[in-house]
Amino acid sequence: HRKHPGVEGYVALTFDDAFCRPGHEDGAMVEEIRALMKVHDATGTFFTIGEYCSPVLDEVVAGLLEDGSELSNHCAQDRKHHGDLSGQFSVALDGADKELLRLQGGLNQWFRAPHGKLSPTMDDVLATRGMQNVMFDCYGNDTQIPDGAYIANVLLRLATHGSISLIHVPEKGF
């Protein structure tokens with residue numbers, strides 16, 4: 001926090017794979033996330049997959065935005081993109097950007113590489129768009145470990161001033 005003043009006492013909450021797999025909107029837990037964040041006066045950055053943006057969830061997503069959270073690009077589909085050519089990757093960015101524009105009316109510079117895999121090609125495309133890949137230093141492997149208490153303990157143990165946490169948007173039964 002000496003290198004980056006103003007972060008003492010803060011952790012960035014980031015959520016990947018927002019908001020829900022297509023066809024599984026009845027299992028979406030976005031409302032629960034929003035309620036929990038409101039209790040703690042927290043906001044977050046939701047790294048959004050284009051095809052996971054069902055109009056069924058538009059109202060609760062609008063509420064997240066009203067509360068001060070933001071949406072950022074996590075590509076159009078939930079797959080690894082590090083082998084994409086620049087044109088393929090640009091299409092993947094555009095697919096998420098279309099939904100980000102629809103939902104929040106604008107774009108920001110943040111991006112998170114799906115599966116944490118960023119290639120030089122991806123980085124070059126991001127640079128031409130003025131975008132920055134955002135990694136993390138707090139992760140409890142929540143896609144592989146279904147134990148909430150364990151995940152919370154890992155995140156709390158890793159968190160320090162200015163940390164960036166990664167939590168995947170949960171979905172009932174998945």
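Is Asp41 buried or exposed? With a relative accessibility of 75%, Asp41 counts as exposed, where exposed means over 50% relative accessible area, buried under 20% and partly exposed in between (1.4 Å probe, protein chains only). The model is a predicted one, in which local features need pLDDT of at least 70 and side-chain atom pairs count only at pLDDT 80 or more, while totals for chains, interfaces and linings use all residues. Residues are numbered from 1 along each chain as its sequence is written, and side-chain values use heavy atoms, with hydrogens and water left out.

Asp41 is a handy place to begin a tour of the backbone. Its phi is positive, about 50 degrees, although Asp41 is not a glycine. The residue sits in the loop between H1 and E2; helices (H or I, at least four residues) and strands (E, at least two) are DSSP runs, numbered from the N terminus. His115 also has a positive phi, of about 60 degrees, without being a glycine. This residue belongs to the loop between strand E4 (110-111) and helix H4 (120-128), and its relative accessibility of 48% makes His115 partly exposed. A further backbone feature is the cis peptide bond joining Ala18 and Phe19, with omega at about 15 degrees. Phe19 itself lies in the loop between E1 and H1.

Turning to the strands, E1 (residues 11-18) runs parallel to E7 (residues 163-168), and six bridges join the two; strands pair if DSSP finds at least two bridges between them. Within this pairing, Thr14 stands opposite Leu166 of E7. E1 is also joined to E2 (residues 45-48), again in parallel, by three bridges. Here Phe15 has Phe46 of E2 as its bridge partner. Together with helix H1 (residues 30-39), E1 and E2 make a right-handed β-α-β unit, right-handed meaning that, with the strands pointing away from the viewer, the path from the first strand over the helix to the second runs clockwise.

Leaving aside residues up to four places away in sequence, Phe46 touches, among others, Phe15, Ala18, Phe19, Ile33, Met37, Leu64 and Val169, contact meaning heavy atoms within 4.5 Å.

Phe15, Phe19 and Phe46 form one aromatic cluster. The count of aromatic pairs comes to four, where rings of Phe, Tyr and Trp (its six-membered ring) pair if their centres lie within 6.5 Å, with planes under 30 degrees apart counted as stacked, over 60 as edge-to-face and the rest as tilted. The rings of Phe89 and Phe111 have centres 5.6 Å apart and planes at 85 degrees, so this pair is edge-to-face. It links distant parts of the chain, with Phe89 in helix H3 and Phe111 in strand E4, 22 residues apart. Both Phe89 and Phe111 are buried.

As for the cysteines, the count of disulfides (a pair of cysteine sulfur atoms within 2.5 Å) is zero. Cys75 has the sulfur of Cys53 as its nearest cysteine sulfur, 12 Å away. Cys75 is buried at 0% relative accessibility, and Cys138 is buried at 1%.
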